[in-house]
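This briefing walks through the structure topic by topic. Keep the sequence and the 3D view open while you read.

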Amino acid sequence: MTSERWQQVNELFQSVAERVPEERTTYLEAACQGDEALRREVESLIASYERAENFIESPAFEVVPELLTNDRAGAMVGESIAHYQIESLIGVGGMGQVYLARDQRLGRKVALKFLPERFTANKGQLSRFKSEARAASALNHPNIITV
Amino acid sequence: MSPFLPFHDTRLLADWSGGDNSALERLIPLVQPELHRLAHHYMSREAIGHTLQTTALLNEAYLHLVDDPKRSWQNRTHFVAAAAQLMRRIMVDHARERRALKRGGGAVKVELDDAALVTERRSEELLALDEALEKLAMLDPRKTQIVELRYFGGLTVEETAEFLQLSQRMVEREWMMAKAWLYRALSEANDI
C-alpha cells in the first residue's frame, strides 16, 4: 500500500468511526466515489474496531506478567546452587521446572525442582510446597524419590 | 523499592537512539530488576484493586539516574521509549523460548496445568501481535510507537500524548486505527 493510500484509508476510517453506526454505510459509500477497494478496506477496519473491544487495552505486563519473570526454561543449566551442580533440564510444567543436578558432596545424581516465580510471590503456596517437601522427605522407599 | 541499577555507560541510550540495537540488548540486565518487581506485583494478590503505576516506577528509575551527577542522562523521552521497547523485547523473547520448548522439546518433558495453558495461549497471542506490529511499523511508525508505549510500556493516553508531543485527541485517533488494524491482522492469522 502506498503512503498516500494509507493516509486516505486512515482519514476515512476516522471520519466514519466518528459517525453513529446508522450513518456509516451511506457516508462511506458517498466518500469513496465508486472506489470499491477503498470502501471494502475501511469497512473491514471499522468492523474489526467494533469487534476488538478490550483488545490490547490492558498492558502486556498485566496480561502475561509471567513473561517478565526469570522463569526462562533451562535458565539454571550450568549454575550451582549450594553443593548442587545443575546439568540439564528434565521437565517443565505449570508447577515449576525440574533439573538434573549432581550432588558434589555425595557424588550422586539428584533431581531439583524450582517453583515458578508466581508461587514464590504467594506465601500460602510457598508453605504448601514446603510441607509437601517435608512429607516426601519422610518417606523412604525405592520407588519414591528422596527429597 | 530496590534502587534502579545505575547505567555503567549512559552512551548506551545514545547508541540506542542512534539506531544501534545491540545497545538495547546491553540495557536489559540494568532494567531487569524493576521489571521483575512489576511482574511480581501483577502475579501476586496485591494487584487486585490496586494498580501499580508503571509511569511512577519508570519516573523513579529515571530520577535516580538524573540525580546522579556523574551521569549525563538528560533525555527522559529516550528513557521511557527504551523501557517500553525493552519490555516488548523481553516478553517476546520469553514467549519464543516457550514456543521452542513446546515444539522442539528434545528430552524435555513439558506438562501443562490450566494456569500454564492460559499463559501458553497468551504468549502465543503476544507473538502474533509482535509480528503484526512489525508489519504496521512499515506502514505507520507513529502508530506502532503509540502501541508500544501504551501496550508494552503501560503509558496512559495522556502520558503518551505528552511524551510524543501530540494532542490527546490525536493519540486516541491513532490508537483506534492501530487497534482495528492489529485486531484484523490477528483475526486473519488465527481466526479468533
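A strand here is a DSSP run of type E with at least two residues, numbered from the N terminus. Phe114(A) sits in one such run, strand S4 of chain A, which covers residues 108-114. The model is a predicted one. In it, chain A has 45 residues in contact with 55 residues of chain B.

- Is Phe114(A) buried, exposed or partly exposed? The cut-offs are under 20% for buried and over 50% for exposed. At 22% relative accessibility, Phe114(A) therefore counts as partly exposed.
- Beyond its neighbours within four places in sequence, Phe114(A) is in contact with Met76(A), Ile81(A) and Ile86(A), among others.
- Its contacts also include Met95(A), Gly96(A), Gln97(A) and Tyr99(A).
- Phe114(A) and Arg19(A) are 95 residues apart in sequence. Their C-alpha atoms lie 55 Å apart in space.

**Two helices of chain A**

- Helix H1 of chain A spans residues 3-18, which is 16 residues. From first C-alpha to last it reaches 23 Å, close to the 22 Å expected at 1.5 Å a residue.
- Buried residues of H1(A) include Trp6(A), Val9(A), Leu12(A), Phe13(A) and Val16(A). Asn10(A), Gln14(A) and Ser15(A) are also among them.
- H3(A) has 17 residues, so at 1.5 Å a residue it should span 24 Å. Its end C-alpha atoms are 24 Å apart, which agrees.
- Within H3(A), the buried set includes Leu38(A), Val42(A), Leu45(A) and Ile46(A). Arg39(A) and Glu41(A) are buried too.
- Just after H3(A) comes Glu53(A), with a positive phi of about 45°.

**The interface of chain A and chain B**

- The size of an interface is often given as the accessible area lost when the parts come together.
- Between chain A and chain B, about 4,700 Å² is buried. Carbon and sulfur atoms give 64% of that area.
- Which residues of chain A lose the most area to chain B? They are Trp6(A), Leu67(A) and Leu68(A), together 17% of what that side buries.
- Across this interface, 14 residue pairs are in polar contact.
- Five elements of chain A each give two or more residues to the side that touches chain B: H1, helix H3 (36-52), helix H4 (60-63), strand S2 (84-93) and helix H5 (117-120).
- That side of chain A has 24 nonpolar, 11 polar and 10 charged residues.

**Salt bridges between the chains**

- The structure holds 21 salt bridges over all chains. The count between chain A and chain B is 4.
- Glu18(A) forms a salt bridge with Arg173(B), the closest N and O atoms being 3.1 Å apart.
- Glu18(A) also meets Arg169(B) in a salt bridge, at 2.8 Å from N to O. Arg169(B) lies in helix H8 (residues 168-190) of chain B and Glu18(A) in helix H1 of chain A, so this pair joins two chains.
- Arg169(B) counts as partly exposed, at 46% relative accessibility. Glu18(A) counts as partly exposed as well, at 49%.

**Salt bridges within chain B**

- Arg88(B) and Asp130(B) meet in a salt bridge at 2.7 Å, N to O. Arg88(B) is in helix H4 (residues 76-103) and Asp130(B) in helix H5 (residues 114-139) of chain B, so the pair ties together parts 42 residues apart in sequence.
- Arg88(B) is buried at 8% relative accessibility. Asp130(B) is buried at 7%.
- Lys143(B) and Glu174(B) also meet in a salt bridge, at 3.0 Å from N to O. Lys143(B) is in helix H6 (residues 141-152) and Glu174(B) in helix H8 of chain B, 31 residues apart.
- Lys143(B) is buried, with a relative accessible area of 1%. Glu174(B) is buried, with 4%.
- Salt bridges that share partners join Arg88(B), Asp93(B), Arg96(B), Asp130(B), Glu134(B) and Glu148(B) into one network.

**Chain B and Thr160(B)**

- Chain B has 8 helices and 1 strand. Along the sequence the pattern is α-α-α-α-β-α-α-α-α.
- Of its 192 residues, 49% count as buried.
- Thr160(B) lies in helix H7 (residues 157-164) of chain B. Thr160(B) counts as buried, at 0% relative accessibility.
- The side chain of Thr160(B) reaches the backbone oxygen of Thr156(B) at 2.7 Å.
- Not counting residues up to four places away in sequence, Thr160(B) touches Ile146(B), Leu149(B), Arg150(B), Leu155(B) and Val171(B).

Technical notes: Residues numbered from 1 in each chain as written. Chains lettered and ligands numbered in written order. Predicted model: local features only at pLDDT ≥ 70, side-chain atom pairs only at ≥ 80, totals over all residues. Heavy atoms only, no water. Helix = DSSP H or I, 4+ residues; strand = E, 2+ residues; numbered from the N terminus. Expected span 1.5 Å × (residues − 1). Buried < 20%, exposed > 50% of the residue type's maximum accessible area, 1.4 Å probe, protein only. Contact = heavy atoms within 4.5 Å. Buried area = accessible area lost by both parts, 1.4 Å probe. Salt bridge = Lys/Arg side-chain N within 4 Å of Asp/Glu carboxyl O. Polar contact = N/O pair within 3.5 Å; in protein donor to acceptor, adjacent residues only side chain to side chain. Nonpolar A, V, L, I, M, F, W, Y, C, P; charged D, E, K, R; others polar.
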